[in-house]
Amino acid sequence: MTDSLGPRLKVGVVVPATNTSVQPEMEALRPFGVTNHTGRMLTADHSLVEGIDTLVDSYRESTHKAIAGIVPCKPDCIVIGFSPEIYWDGPESHAPVLESMRSAAGGLPVTMSPDAFNAALARYEASRIAVITPYLPVGDDSVSRFFTDSGYEVVRVRGLGCSSPEKISHVSEAELRDAVKEIDGPDVEAIVQVGTNVAMMRVAAAAEEWIGKPVVTNNTVLYWHALRQSGIADRLRGFGSLLAEH
């Protein structure tokens with residue numbers, strides 16, 4: 001016997017309590033026979049103006065509890081739908097963080113942003129990137145340093161200057177279109193957007209049509225990587241080239 005609604009795959013998705021973009025965007029990306037099961041981390045809406053350290057600390061304390069709240073429904077994999085902690089301490093910290101997530105999930109496969117972005121950019125053979133973040137300069141610097149230390153050339157970074165995690169979801173599609181135009185150029189092979197509370201899936205798919213290059217958004221790349229790692233190879237159109245062609 002298999003799950004009646006999710007016979008092909010059950011995806012556990014961990015998100016901060018402040019995040020209102022991951023769940024609806026990833027629901028839109030579900031192929032037939034795949035279901036999502038969301039667990040929320042107990043996190044407060046800390047100010048990003050005063051610094052990101054408190055936010056990162058709160059994420060570290062609550063992630064394993066959220067995973068524990070998903071595991072009893074027996075998902076096939078776990079997606080970690082947040083970003084700040086992943087970039088804060090650099091690439092060398094990723095392996096132990098990922099292993100701690102797998103341990104909390106009882107050994108289930110876990111998808112995190114660094115692995116997903118690396119896999120997607122390898123498919124596109126892109127090494128010169130421009131990055132959109134929802135953060136203030138201190139967060140932008142951490143993200144830029146992470147990608148640079150991972151072997152990419154970060155040509156430009158555009159921070160959206162959001163004052164708190166909850167406010168990230170308020171960024172409009174017009175602002176995102178302007179950000180794409182601002183950081184694109186002939187020296188850029190792909191645009192990368194980090195920050196899972198940025199609802200950029202629709203803008204990215206449209207932007208690829210008028211700039212003629214990949215626009216890789218955080219929620220789309222996470223879900224794509226989880227599907228492909230789980231053997232779900234469906235090509236989904238309307239959400240950008242990653243899901244349609246890779």
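**Sheet and helix packing in a predicted model**

Helix H6 (residues 137-149) lies across S5, S6 and S7, running at about 160° to S6; axes are lines fitted to C-alpha atoms, for helices over the stretch in contact, and angles run from 0 to 180 degrees between N-to-C directions. Contact means heavy atoms within 4.5 Å. This is a predicted model, in which local features need pLDDT of at least 70 and side-chain atom pairs count only at pLDDT 80 or more, while totals for chains, interfaces and linings use all residues. Residues are numbered from 1 along each chain as its sequence is written, and side-chain values use heavy atoms, without hydrogens or water. Helices (H or I, at least four residues) and strands (E, at least two) are DSSP runs, numbered from the N terminus.

**Sheet**
- Four strands form an open sheet in the order S6-S5-S7-S8 with parallel pairing, where a pair requires at least two DSSP bridges.
- S6 and strand S8 (215-217) are at the edges with a single partner strand each, so one side of each lacks a neighbour in the sheet.
- S7 and S8 run parallel and are joined by three bridges; Val-192 stands opposite Val-216 in S8.

**Helix H7**
- Leu-176, Ala-179, Val-180 and Ile-183 are the buried residues of helix H7 (residues 173-183), buried being under 20% relative accessible area with a 1.4 Å probe, protein chains only.
- The buried residues of H7 pack against strand S5 (128-133), strand S6 (153-159), strand S7 (190-193) and helix H8 (201-211).

**Helices H5 and H9**
- Helix H5 (residues 113-124) packs with helix H9 (residues 218-229) at about 85°, their axes 9 Å apart.

How values were computed:
Buried means under 20% relative accessible area, exposed over 50%, partly exposed in between (1.4 Å probe, protein chains only).
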